[in-house]
Amino acid sequence: MDAFVSLAGGLAVALQPTNLLFCLIGVTLGTAVGVLPGIGPALTVALLLPVTFKLDPAGSLIMFAGIYYGGMYGGSTSSILLNTPGESSSIVTALEGNLMARAGRGGPALATAAIGSFVAGAIATLGLALLAPYVVSVALAFWPADYFSLMILAFATVSAAFGDSALRGLTSLFLGLALGLVGIDLMSGQARLDFGVPDLLDGVEVTTAAVALFAIGETLFVVSRKGAADETIEPIKGSLWMTREDWKRSWKPWLRGTAFGFPIGAMPAGGAEIPTFLSYATERRLTKHPEEFGKGAIEGVAGPEAANNASAAGTLVPLLTLGLPTSATAAIMLAGFQQYGLNPGPLLFAAKPNLVWGLIASLFVANALLLILNLPLIGLWVRLLSIPRPWLYGGILVFATLGTLGANPSLFELGSLLALGLLGFGLRVFGYPIAPVVIGLILGPMAEVQLRRALAISQNDWTVLITSPISAVLLTIAALAVILPIVLKTREKGIVFGEDD
Amino acid sequence: MPVPLRRLLAAAAILATAAAGGPALAANLKIIAPASPGGGWDQTARSMQQAMQSEKIAGSVQVENVPGAGGTIGLAQFANRAKGDPHQLIVGGYVMVGAIIMNDAPVTLDAVTPLARLTGEYEAIVVATDSPIKTIGEVIDKLKANPGSVSWGGGSAGGTDHIAAGLIAKAVGVDPTKVNYIPFSGGGESLAAVLGGQTTVGVSSYGEFDAQVKSGKLRVLAITAPERVPGIDAPTMKESGVDVEVQNWRMVAGPPGLTPEGKAEILKTIDDMAKTKTWRDTLKTKGWTDTYLAGDAFTAQLKEDIAKAHTILRDIGLAE
């Protein structure tokens, strides 16, 4: 149990008062920037990098890791309360979380997100400490064909989020796919659907689109209805804290979310979004309260929130073991390592065990600090919802605009925020679901690139999609996910399949 | 919304104090990094910031990220807003040259005042250690026999990595449009593809591979330098009989409409910066080659580089 001994040694490093302080600064900053849409952990670390140059490497790396974890964490707060996802990985949280908040259950929603993040972060960090070398070899076994099939699986399963009408859901999805086509085609370098506007060459920014469609579209829709200003939303109904029932319904989604988030986060092209989609779809299938989905089901918050935090720990697996940065924040952390003349990889574990294990141990500490920092704040956060409606909605618009401009101060970005906001408004008025648009926008370009890469490598041999074992298995599961419910529905309604607990 | 707004201001205040540094004695500068945080241009801009501030060459130096379209968004914004201001700079490089040509960008490098080339990185052609391919000669033979059978994993389409692959094919008499180049969006992703043996070879700036080469996971087949580079155990392309030399260089430019005095002043600032110990140390830790070339000599070199890039992008079939 070498790893445990090393981890204990790391804990001794992480618990040194100065490192503890750095960790606290990190998680506080991270939570703050996570709450704001637009300003992400990557930019925050980049801004702090020159300031920390003269500090002790362990201290500043611990702070950066705290920012990363805090960012994953803070994104949920604005998603749940304001329907304004701060990061693309908390888009799914907004689906059920905001509905819960509107129904007076904002407290339990924030709590299950906070505790779920803690549980997922702790398990995933343990995974990072004990399993990193194995996880990374599995992650590297994923070829483009396998990634493509993983995305097909995500598409197949999240169709559950498409609402009641398949036609409307698919219409929204294709709208998202079309938006995803805008910009320079990664494979050929040629511009598509840019209409001669240079600002469109990089495509539609996902967080801008999510904030516009969710927050602005929804706000316009609500206030456009008669009497909206007089309507009051109960900020707290029932317990502020999670009830026994909430705990019972949350713990399995937390674990399943972790099981999605950690390995997929460790994959070089996995990211934090896909595990949240998969987790949401799984919880929706497995829940004993299917009637609550679409009205604010706690499972739909617990699972995805655990998944996105676990994926953050997963990202550190290839970074620490191979020196592979797989997210923007990881890339900057790599620059941070290099600033101190350290090269992540197997050699680092041998050369600087104190630093690596101190960093890993500090992730546990960061998790605990986040919980301590955020649980008492829940009571304060939900008070936001008691602000009079017109003020709250006005505030959401200001907040969404500030966040977008903070990330990218350009007139064009502001214009696209408003245009997409109007689009979201139109979709709501005519009863089309919003989530598939964002899902199409995120998954579409990823799936396209992976498929074309797979075909380029195989020199246009399509059988690569079935000859690769991983891809074949994923495609089979995807097919089952589509076919089984239809079969079951025709035979007997209400059978829950595939639940092994 | 009192709470988040207060948090926003608090966060902004912390970040601002963190970024601003000490009291301003010399001029305050602003450097545009026309890319997201973390990439080469961002790191170049922030390294300049660090050298200038810690060696008191400038007062406060502010770095602003304006990402998009291979740097052309930032370039257009800079040319427009910074006109005549000798205290604003933009970082750029070979990739920007390629992006301007490919996207037929409305604002080109003619719209700014090129000041100095700062760093360069040679391209390396690598394979995973367990790959059956041992020499660059084997890659060339395979390429000549069937161009499609050699897949090249590297950065974005039309970037330096793609250009290097195209130039190698052209030099050995293979049609560059037949090169099976597979672009990846981030350094991590392409590195993973090479390590996993997904592509036949990997091609990127040597720095992207350095850690993996040192830990014995990658084998360098060749580098695109004019002569061997100390510390890199690999032959040059030229030694292997392929007449190719590519360097991913990075530069700094000023706004259009500078007065001769303004230009001289900012050139001196950059010159001073390039001589500092902080900057030299940064070059070492980041593995960047010092390719410092300033003023008119650089302007002439840039013109030549742009013409060359245009030719090869046309040959690969990416530009008209």
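In this predicted model, let's start inside chain B: one residue pair is in polar contact between domain 1 and domain 2, with both residues at pLDDT 80 or more. On the domain 1 side, the elements that give two or more residues to that meeting are helix H4 (94-103) and helix H11 (295-316) of chain B.

- Domain 1 of chain B is made of two stretches, 24-120 + 249-316, while domain 2 of chain B covers 122-223.
- Their C-alpha centres lie 28 Å apart, and the contact takes eleven residues from domain 1 of chain B and eleven residues from domain 2 of chain B.
- About 1,000 Å² is buried between domain 1 and domain 2 of chain B, and carbon and sulfur atoms give 70% of that.
- Three residues do a lot here: B:Ile312, B:Asp315 and B:Ile316 supply 49% of the area that domain 1 of chain B buries against domain 2 of chain B, more than any other three residues.
- H11(B) gives five residues to the side of domain 1 of chain B that touches domain 2 of chain B, the largest share.
- Sorted by class, that side of domain 1 of chain B has six nonpolar, four polar and one charged residues.

- Interface size is often given as the accessible area lost when the parts come together.
- Between chain A and chain B, that area is about 4,700 Å², with 68% of it from carbon and sulfur atoms.
- The contact takes 58 residues from chain A and 54 residues from chain B.
- In chain A, the residues that lose the most area to chain B are A:Leu47, A:Leu186 and A:Arg453, together 10% of what that side buries.
- How many salt bridges cross the interface of chain A and chain B? The rule finds zero, though there are four residue pairs in polar contact between the two chains, both residues at pLDDT 80 or more.
- Several helices of chain A give two or more residues to the side that touches chain B, among them helix H2 (17-35), helix H3 (41-48) and helix H19 (435-457).
- H3(A) gives the largest share of that side, six residues.
- By class, the side of chain A that touches chain B has 41 nonpolar, 13 polar and four charged residues.

- Over all chains, the structure holds 20 salt bridges.
- In chain A, the side chains of A:Asp185 and A:Arg452 meet in one, at 2.9 Å from N to O.
- A:Asp185 lies in the loop between strand E1 (183-184) and strand E2 (191-192) of chain A and A:Arg452 in helix H19 of chain A, so this pair ties together parts that are 267 residues apart in sequence.
- Buried or exposed? A:Asp185 counts as buried, because its relative accessibility is 5%, whereas A:Arg452 is partly exposed at 29%.
- In chain B, B:Lys170 and B:Asp315 join their side chains in a salt bridge at 2.5 Å, N to O.
- This pair links distant parts of the chain, with B:Lys170 in helix H6 (residues 160-171) and B:Asp315 in helix H11 of chain B, 145 residues apart.
- B:Lys170 is partly exposed at 41% relative accessibility, and B:Asp315 is partly exposed at 25%.

Technical notes:
Residues are numbered from 1 along each chain as its sequence is written. Chains are lettered from A and ligands numbered from 1 in the order in which they are written. Side-chain values use heavy atoms; hydrogens and water are left out. Domain bounds come from an automatic or database domain assignment. Contact means heavy atoms within 4.5 Å. Buried area is the accessible area (1.4 Å probe) that two parts lose on being put together, summed over both. A polar contact is a pair of N or O atoms within 3.5 Å; within protein, one must be able to donate a hydrogen and the other to accept it, and residues adjacent in sequence count only if both atoms are side-chain atoms. Helices (H or I, at least four residues) and strands (E, at least two) are DSSP runs, numbered from the N terminus. Ala, Val, Leu, Ile, Met, Phe, Trp, Tyr, Cys and Pro count as nonpolar, Asp, Glu, Lys and Arg as charged, and the others, Gly among them, as polar. A salt bridge is a side-chain nitrogen of Lys or Arg within 4 Å of a carboxyl oxygen of Asp or Glu. Buried means under 20% relative accessible area, exposed over 50%, partly exposed in between (1.4 Å probe, protein chains only).
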